[in-house]
Amino acid sequence: MSEQYNFDDIRPYRDNEVDKIIADLCQVPYFLGLLGKLFPDLPRQDVLNRLANVHTVKEFQSQFIIPFLNNLVETTSDGLSASGLEALDPSKAYLFISNHRDIILDSALMNVKLDEVGFDTTEIAIGSNLLIYDWIVDLVKLNKSFVVKRGLPVRQMMDASATLSAYIRQSITTRHQNIWLAQREGRSKDGNDRTQSSVLKMLNLSGGADAVESFRQLNIVPVAITYECDPCDYLKAHQAQLRRDFPDYQKSKSEDLTHMSTGLFGRKGRIHFAFGKPINDELGQFTVLNRNAQITLIAEVIDRQIHRNYHLWPSNYIALDVLENSSRHASEYTDTQKVDFFEYINEHIHRLDDCDEDFIREQILRSYANPLINQEQAYK
């Protein structure tokens with residue numbers, strides 16, 4: 001089926017394109033400025049010399065992206081951990097579907113953990129709305145990203161969705177390439193992670209009449225991502241206030257850049273990736289249902305794994321106890337951790353001008369409490 005599609009405008013760059021793309025990027029002042037921020041301890045010419053010796057996508061990731069991310073983990077977090085990979089087969093290709101917290105780091109840090117244990121890194125779905133400049137397109141495609149087109153007229157969007165679906169299926173079943181996809185369009189702003197049926201319907205566009213078999217071919221593995229601190233929590237809360245106060249509010253491109261930068265360089269605490277099990281064994285029970293019922297139940301299967309696999313932090317327990325005005329989870333944190341968390345929230349709120357502080361505070365608390373609420377519900 002994929003033969004009828006042309007993927008050139010959405011696919012990542014291949015090895016035979018790397019030399020030209022790197023040469024083009026090195027002519028862009030913004031990219032050169034970014035290199036200075038990413039590698040502040042190295043003279044620019046040394047970085048450019050290293051780039052000149054990169055000729056494959058794997059070399060670019062191993063020599064530039066992964067070292068940068070490891071340094072970022074060391075300087076902006078209290079550690080990165082993962083669980084569940086020992087139960088997966090590195091010789092197989094998977095569609096990793098995760099909750100979505102950070103524009104850049106969710107997939108990037110997941111690739112660090114995959115690379116550490118010998119898995120192929122994923123190709124990464126990225127929305128076209130984030131590709132503000134041509135050089136950003138080149139950079140992300142060099143780092144194995146493929147483009148999810150946004151904001152098209154209805155007919156064009158249908159065609160783009162069919163092409164995207166075919167690309168993901170071909171990548172997994174023919175090219176044996178791991179794929180990362182968020183469970184929803186855009187990040188969860190309130191920590192209440194739910195798989196959008198539209199994502200699953202898009203994936204099924206390239207399948208045959210048997211929807212269950214179509215999803216089996218994709219080897220879907222849910223992944224639960226938890227950050228002890230979300231650097232963008234106050235920015236997400238402020239967006240919620242703006243939408244409350246101005247119904248026509250739309251996030252600007254400059255705000256996207258602010259969120260990306262804040263997510264990269266802001267304080268994160270501890271970070272954990274919990275890899276679930278392939279959902280294939282659970283799909284058999286849905287064969288007799290109609291297509292819409294199958295989609296609904298498959299979304300629930302993904303959500304249940306994500307919710308159960310959250311690696312929760314003191315911030316999650318503190319937030320829920322504060323919202324409930326209780327001490328139900330007091331054994332999960334110390335008084336010092338509670339004081340530190342309050343100071344952290346207040347410091348973030350005070351970064352905003354002319355905000356509704358009570359509203360912002362409650363939104364931030366809910367974003368930390370909702371993963372715990374969902375985990376408790378998932379085990380009932």
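Residues are numbered from 1 along each chain as its sequence is written, and side-chain values use heavy atoms, with hydrogens and water left out. Because the model is predicted, local features need pLDDT of at least 70 and side-chain atom pairs count only at pLDDT 80 or more, whereas totals for chains, interfaces and linings use all residues.

## Cavities and a pocket

A search of the whole structure finds two cavities of 30 Å³ or more. On a 1 Å grid over the protein atoms alone, a cavity is a set of points where a 1.4 Å probe fits but cannot get out, a pocket is an open set with protein on both sides within 12 Å along at least five of seven lines, and lining residues have an atom within 4 Å of a point. Grid points are joined across faces, edges and corners, and a volume is the space filled by probe spheres set on the points. Helices (H or I, at least four residues) and strands (E, at least two) are DSSP runs, numbered from the N terminus. For residue classes, Ala, Val, Leu, Ile, Met, Phe, Trp, Tyr, Cys and Pro count as nonpolar, Asp, Glu, Lys and Arg as charged, and the others, Gly among them, as polar.

| Space | Volume | Helix giving the most to the lining |
|---|---|---|
| Largest cavity | about 150 Å³ | helix 16, three residues |
| Second largest cavity | about 40 Å³ | helix 4, four residues |
| Second largest pocket | about 250 Å³ | helix 4 (residues 57-76), five residues |

The largest cavity is lined by 14 residues, and R101, Y227, D230, S367 and Y368 lie nearest its centre. Strand 6 (220-227), helix 10 (233-245) and helix 16 each supply at least two residues of this lining. By class, the lining of the largest cavity holds three nonpolar, five polar and six charged residues.

The second largest cavity is lined by Q61, I65, I66, L69, S107, A108, N111, T121, I124 and N143. Two or more of these residues come from each of helix 4 and helix 5 (105-116). Five residues of the lining are nonpolar, five are polar and none is charged.

The second largest pocket has a volume of about 250 Å³. Among its 18 lining residues, V57, K58, Q61, D120 and K144 are the closest to its centre. The lining of this pocket comprises five nonpolar, five polar and eight charged residues.

## Helix contacts

Axes are lines fitted to C-alpha atoms, for helices over the stretch in contact, and angles run from 0 to 180 degrees between N-to-C directions. Angles under 35 degrees count as roughly parallel, over 145 as roughly antiparallel, 65 to 115 as roughly perpendicular and the rest as oblique. Contact means heavy atoms within 4.5 Å. A crossing is left-handed if the near helix is turned anticlockwise from the far one by less than a right angle, and right-handed if clockwise.

Helix 4 and helix 5, which both line the second largest cavity, pack at an angle of about 105° with their axes 10 Å apart. Helix 4 is therefore roughly perpendicular to helix 5. I66, L69, N70, L72 and V73 of helix 4 meet L105, A108, L109, V112 and D115 of helix 5. This contact has eight nonpolar, one polar and one charged residues.

The axes of helix 13 (residues 291-309) and helix 16 (residues 357-378) come within 8 Å and cross at roughly 115°, so these two helices are roughly perpendicular to each other. Their crossing is left-handed. R304, H307, R308 and N309 in helix 13 are in contact with N374, Q375 and A378 in helix 16. One residue of this contact is nonpolar, four are polar and two are charged.

Helix 1 (residues 18-25) and helix 6 (residues 134-142) have axes that come within 10 Å and cross at roughly 140°, which means that helix 1 is oblique to helix 6. The crossing of helix 1 with helix 6 is left-handed. V18, I21, I22 and L25 of helix 1 face W135, D138, L139 and L142 of helix 6 in the contact, with seven nonpolar, no polar and one charged residues by class.
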